[in-house]
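The sequence and structure come first, and the text then moves from one chain to the next.

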Amino acid sequence: MRRTRLAAVALAIGLAATACTSTQRTTDKPSGSSTAANNGPHKQGGTVTISNEQGQTWPCQFNPFNPSVYLESNGFVYEPLVFVNALNNQAETPMLATGYQWNADKTQIVFTVRSGVKWNDGQAFTADDVAFTFNLMKRVPATDTYALWTGAGLKSVTAAGDKVTMTFKQNAQTYFFSFADQVGIVPQHIFGSGAAAANPATWADPNPVGTGPFTVSPCTPNNIQYTANPSYWQAGKPYIQKIEYPAYLDNGPANLDLASGKAQWGSQFIPGIKNLYLAKSSDNHTWSPPMLNVSLWPNNDPSHKATSTLAVRQALAAAIDRSQVAAIGEGGQEPPANQSGVVAPTFQNYYDSAAVAAAGYDKPDPSKAAQLLASAGYSPSNPLKLTVITITGYTDWDASLAVIKQQLKPLGIDLTIDDLAQQTFNAKLFNGNYDLAYYGLQTGGPTPYYELRELLASANTAPIGQQANSNFERYKNPAVDALFAQYATASPDQQVGIIKQIEASMINDVPVIPITESVDWFQYNTKDLAGWPTPQDPYAQPAAFNFPDAEQVLLHIYSKSAQ
Amino acid sequence: MRKHRSNGFWPALRGNRKAMTGAVILLVFTLVAAFPGLFTSVRDPNALLSPPSLQPSGAHWLGTTSLGQDIYAQLVYGTRQSLIIAVVAGAFATVLSVLIGVSAAYLGGVFDDLLSMLTNVMLVIPAFPLIIILSKYAGKGSLTVMLAVLVATGWSYGANQLRAQALSLRNRDFLESARVRGERRGYIIVFEVLPTMTSLIVANFLGAALYSVLSAAGLQFLGLGDPNSSSWGTMLYWSQNQQALLTGSPLWSLAPGLCVALLGAAFALINYAFDEIGNPALRPVRTNARTRVKTVKKRGQRVQRAESQ
Amino acid sequence: MRFLLRRLGFFLLTLWAALTLNFFIPRFMPGSPELALRDRTRGKVSPAALEQMLASFGFKPHQNLFDQYLAYLGDMVTGHWGLSIGQNLGEPVTTIIGQALPWTLGLVGLTTVMAFVLGTLIGTVAGWRRGGRLDGILPPVFVVTSALPYFWVALVLIMVFSVWTGGWLPGDNTYDNTIIPGPSPGFVTSVLQHALLPAATLLITSIGGWILTMRNNMITTLAEDYIRMGRAKGLSNRRIMYGYAARNAILPNLSGFAMSLGFVISGAILIEYVFNYQGLGYLLYNAVQNVDYPLMQVLFMLFTVAVLVAVLACDLATVWLDPRARAKG
């Protein structure tokens with residue numbers, strides 16, 4: 001006790017006694033070179049401030065294998081082999097690999113590693129670093145965050161010259177996104193020795209050494225400042241010379257800073273965005289592309305009588321007015337979803353809107369819902385009582401459910417909303433201990449295949465009472481499983497056809513009822529900064545919490561005043 | 001002694017302006033809680049009936065929430081739960097205080113040691129952090145869970161006070177005479193001791209009720225209650241989540257908070273008036289007249305404890 | 001001596017009770033840090049990797065509960081407080097607490113002392129000028145302010161001084177994010193500005209109790225014989241008020257003050273929450289939200305220890321000041 005008290009006193013004295021030194025603001029520091037760009041079309045200079053509420057102060061750790069901090073290092077400091085753009089048909093941008101070659105049955109891939117790249121501590125980046133990164137995941141499974149060695153069947157990774165060869169047990173095409181796009185490559189000379197090698201999953205990594213466009217300098221609990229890496233391998237980039245990433249503990253101040261233009265890159269929900277943000281300045285813009293579904297998950301297991309009845313699920317899907325839910329529950333900021341399970345318009349070319357319309361799910365149809373319910377033996381006089389579980393704190397979901405409850409009531413479905421603490425909710429959802437759940441998966445991929453596979457593949461489910469991976473509704477359909485297997489080896493055109501067949505199962509079996517589409521929250525200010533991703537030029541997912549997409553945004557934006 | 005009290009007490013209370021103010025507030029809230037239908041035409045306060053985020057108007061006295069619920073109607077229907085929490089948690093906590101405090105004093109010996117140890121431990125353990133942990137892990141903040149948590153953490157202060165007073169009464173003449181008459185211990189406690197402690201017990205109830213109102217509102221505000229229930233704390237939680245202060249619906253936040261404050265003030269005013277009545281020296285005076293009084297109960301501290309969390 | 005031993009025994013027993021409560025409550029409830037972490041990482045990490053990761057941070061759910069309990073007691077006492085498994089995955093608990101502690105001590109500690117001193121002064125004057133204009137208004141006003149919910153006062157202050165004035169006073173955070181913390185005038189000013197509204201909230205809601213108890217104590221004391229004696233002897237009013245009446249009237253309040261100092265470090269959770277003030281209370285709220293067992297355990301232990309130390313110190317002071325207490329022991 002005494003010790004801490006002394007420390008506090010010392011702090012107070014320190015505060016009082018030093019009135020004549022000058023206040024250092026992060027923005028006062030001499031900004032990096034404002035010299036003309038060497039090759040790029042834009043000159044360098046300027047600062048971007050990110051407003052992405054975390055609800056915590058920064059731990060100033062940057063270990064790319066630690067999932068609670070890797071969003072602040074992957075893409076900023078650490079780079080992947082290839083960037084895959086989920087918003088633009090999987091368009092690929094070579095990063096640390098200049099190219100790659102699959103073998104015929106796609107069980108082996110050979111990356112050609114870029115030459116002339118330096119780590120930001122001056123050492124040369126080589127193919128050995130790439131092989132080291134993947135082999136580290138084998139040695140320390142806690143770092144294998146995408147289950148490449150266990151799930152994807154990775155067998156070996158070797159480096160020779162500027163080539164890295166990865167060999168898999170089976171066709172690995174559908175895991176390309178995970179190992180090429182999602183893994184940040186780390187330096188062997190840092191992670192191969194000392195504390196980092198001893199505990200690579202937990203090591204703090206306070207001064208990350210990466211190949212990326214920015215370096216951390218300095219980090220305080222309240223703000224991370226990144227400065228441009230002068231020896232970045234893309235000459236003349238990044239244009240922006242500095243990033244401020246303040247720690248916002250609450251949405252309120254984060255939104256205020258966005259509205260005032262103090263922060264220019266927003267990645268969070270702003271309630272009443274028209275008044276609170278857009279109306280404040282003509283330079284404020286928003287574009288939040290939908291990426292995944294938020295759905296009502298009926299328990300398909302026969303032990304849950306009502307929700308395993310097809311007519312009941314069909315009635316729910318027909319009765320709910322998704323547009324109204326999106327308009328009221330999500331304040332119009334998330335679009336309504338559709339029963340096919342394909343997020344539109346993001347994945348428009350996969351979306352079989354005709355099939356949805358043919359099945360009558362393109363608009364709410366209460367009378368059809370009433371008939372279906374009657375066929376299952378329920379009516380307003382003999383109401384179906386259902387409980388839907390949701391997560392406390394997700395007030396937009398609470399609001400959406402309040403709308404759904406109101407829509408279902410006249411049909412004879414009496415919905416009880418059960419708000420649970422996150423952990424309790426997860427335990428029930430994962431173990432299949434619920435009738436209805438309101439939930440959205442949090443990971444997708446560059447095509448609808450990834451979300452649908454998580455949602456529907458029987459490999460991702462488990463018996464009631466055991467933890468399912470992602471198929472929480474317990475849907476099992478061998479035909480759909482076969483389609484997923486075919487997809488891996490199919491040509492891109494065939495893949496579209498396969499997805500549409502899977503959509504047909506979504507429409508016919510109604511295993512899950514998509515309600516709204518969750519979006520990448522994105523607000524941007526164009527007063528000084530240009531080059532943001534837009535619907536016309538969706539070169540990357542725009543939210544700052546997407547990696548490695550954030551790197552692409554940072555490499556595109558530039559300061560108008562520096563030109 | 002008992003007779004004297006019950007005769008002198010209520011008239012004194014009626015004459016006390018603070019007590020009357022508190023009582024009127026309490027009465028109004030009780031009426032609203034009992035007959036919400038008389039105060040608003042809305043029947044389901046959570047129904048999404050209206051356009052969102054309306055400003056106050058004739059149709060919606062306090063405007064609507066960002067979901068289109070009538071704020072005034074929510075306020076009216078929220079009264080019941082807040083009042084129930086205050087009264088029920090306050091009452092149960094008081095009963096527990098009486099049971100533990102008075103038994104400790106009268107059983108004496110090992111029992112007293114154990115019970116007062118328990119009381120002191122509970123008194124010292126920081127209650128609000130404990131409440132947060134408890135209600136978080138109870139999974140969801142249903143009314144029962146909240147009441148249980150409030151009672152479990154709210155009895156110790158009163159038990160300590162009641163034990164002290166019961167100890168001081170133990171050797172008084174009228175109890176001695178009861179013992180000489182050969183009455184049983186249970187009879188003495190219930191019919192002789194408790195009535196003389198009425199004023200302290202009532203004061204404890206008021207203090208515990210105040211503590212429950214504030215703590216429950218704080219818990220619900222933090223999101224540890226049931227977000228679909230109708231109560232003032234829940235309204236505060238929703239308005240905070242929807243950033244009512246920033247998005248131009250400040251009344252959504254301010255009105256339920258004011259109601260919590262009024263209800264709390266009502267309990268506090270009546271409690272303070274009790275102090276004044278029990279201790280005539282404290283009564284408001286116009287002149288500098290002084291009355292000699294020997295004992296002062298430090299009841300103000302109860303408030304402090306409830307809040308210092 | 002016997003008295004002291006008794007108090008020490010009480011100290012240890014309470015500590016043990018708090019630690020035990022603290023250990024068992026979370027473990028008998030549903031949910032696990034693994035699930036919480038899985039959600040925080042947006043499901044990007046495979047469950048197996050998560051479990052291993054948590055294990056490498058010292059989370060061992062598969063161990064025998066009793067063994068865990070013993071190890072936990074030992075670790076708490078010896079200061080091996082472990083690594084956070086919450087938002088700041090992998091950061092030592094001591095570091096996290098070390099960062100938050102000065103803010104709470106500074107804000108809540110100073111405000112508590114200020115409220116006590118100011119409240120006592122006002123209470124003294126009010127009690128002395130009994131029936132005066134001040135005394136007519138003060139009691140009802142402060143009865144009401146001391147019953148106000150903290151967080152609501154905070155919201156009102158933010159509304160008035162931050163929102164309506166367009167950010168005149170900051171209603172969030174401990175200092176301006178763009179300033180690099182250091183001994184500079186700008187940083188100090190920023191810290192003070194950011195402390196203003198939370199301190200005002202604390203002051204408004206806590207000063208009433210001190211005023212009222214002090215006023216009432218004064219009134220009772222003024223009726224004592226020695227005060228009459230003083231008057232009869234012709235002592236100046238000032239002397240009687242401060243030298244005799246206030247000095248005695250303050251005594252019963254001192255133990256309450258000691259207690260409230262003990263409660264300082266558990267902070268004002270709600271105030272820190274509303275103002276996003278990164279003190280210990282804010283930390284506890286976050287730890288609970290994120291099922292961060294190690295952090296939660298240590299915080300709760302510290303909160304309890306602080307109160308116990310305050311109580312013990314008060315006991316010792318009483319023994320030292322008042323011989324009767326020694327005899328009683």
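Of the 309 residues in chain B, 53% are buried, a residue being buried if 20 or more other C-beta atoms lie within 10 Å of its own, exposed if 12 or fewer, and partly exposed in between, with C-beta atoms placed from the backbone. This is a predicted model, in which local features need pLDDT of at least 70 and side-chain atom pairs count only at pLDDT 80 or more, while totals for chains, interfaces and linings use all residues. Residues are numbered from 1 along each chain as its sequence is written, chains are lettered from A, and ligands are numbered from 1, in the order in which they are written.

Chain B holds 13 helices and 0 strands, where helices (H or I, at least four residues) and strands (E, at least two) are DSSP runs numbered from the N terminus. Among the contacts of chain B with a separation of 6 or more, 69% are between residues 24 or more positions apart; two residues are in contact if their C-beta atoms, placed from the backbone, lie within 7 Å.

Within this chain, the axes of helix H10 (residues 198-221) of chain B and helix H11 (residues 232-241) of chain B come within 7 Å and cross at roughly 30°. Axes are lines fitted to C-alpha atoms, for helices over the stretch in contact, and angles run from 0 to 180 degrees between N-to-C directions. H10(B) and H11(B) are therefore roughly parallel to each other, since angles under 35 degrees count as roughly parallel, over 145 as roughly antiparallel, 65 to 115 as roughly perpendicular and the rest as oblique. Residues making the contact include Ala216(B) and Phe221(B) of H10(B), and Trp232(B) and Tyr237(B) of H11(B).

Chain A contributes two open sheets to this account. One has 4 strands in the order S4-S5-S7-S6 (chain A), with antiparallel pairing, two strands being paired if DSSP finds at least two bridges between them. Its edge strands are S4 (97-102) and S6 (154-160) of chain A, each pairing on one side only, and neighbouring strands are turned by 15° against each other on average, direction ignored. Helix H2 (residues 127-139) of chain A packs on this sheet and touches S5, S6 and S7 of chain A, its direction making about 160° with that of S6(A). Between S5 and S7 of chain A, Phe111(A) stands opposite Val164(A) in S7(A).

The other sheet has 7 strands in the order S8-S9-S10-S1-S11-S18-S12 (chain A), and its pairing is mixed. Strands S8 (214-220) and S12 (284-286) of chain A stand at the edges with a single partner strand each, so one side of each is left without a neighbour in the sheet. In the pairing of S9 with S10 of chain A, Ile224(A) stands opposite Tyr245(A) in S10(A).

| Strand | Partner | Bridges |
|---|---|---|
| S5(A), residues 108-113 | S7(A), residues 163-168 | 5 bridges |
| S9(A), residues 223-228 | S10(A), residues 242-246 | 5 bridges |

As to confidence, the predictor gives the complex an ipTM of 0.84 and a pTM of 0.81. Chain B averages a pLDDT of 80, and 84% of its residues score at least 70, pLDDT being the predictor's confidence in each residue, from 0 to 100. Residues 286-309 of chain B stay under 50. Where pLDDT is low, the predicted coordinates should not be read in detail. Chain C has a mean pLDDT of 82, with 89% of its residues at 70 or more.
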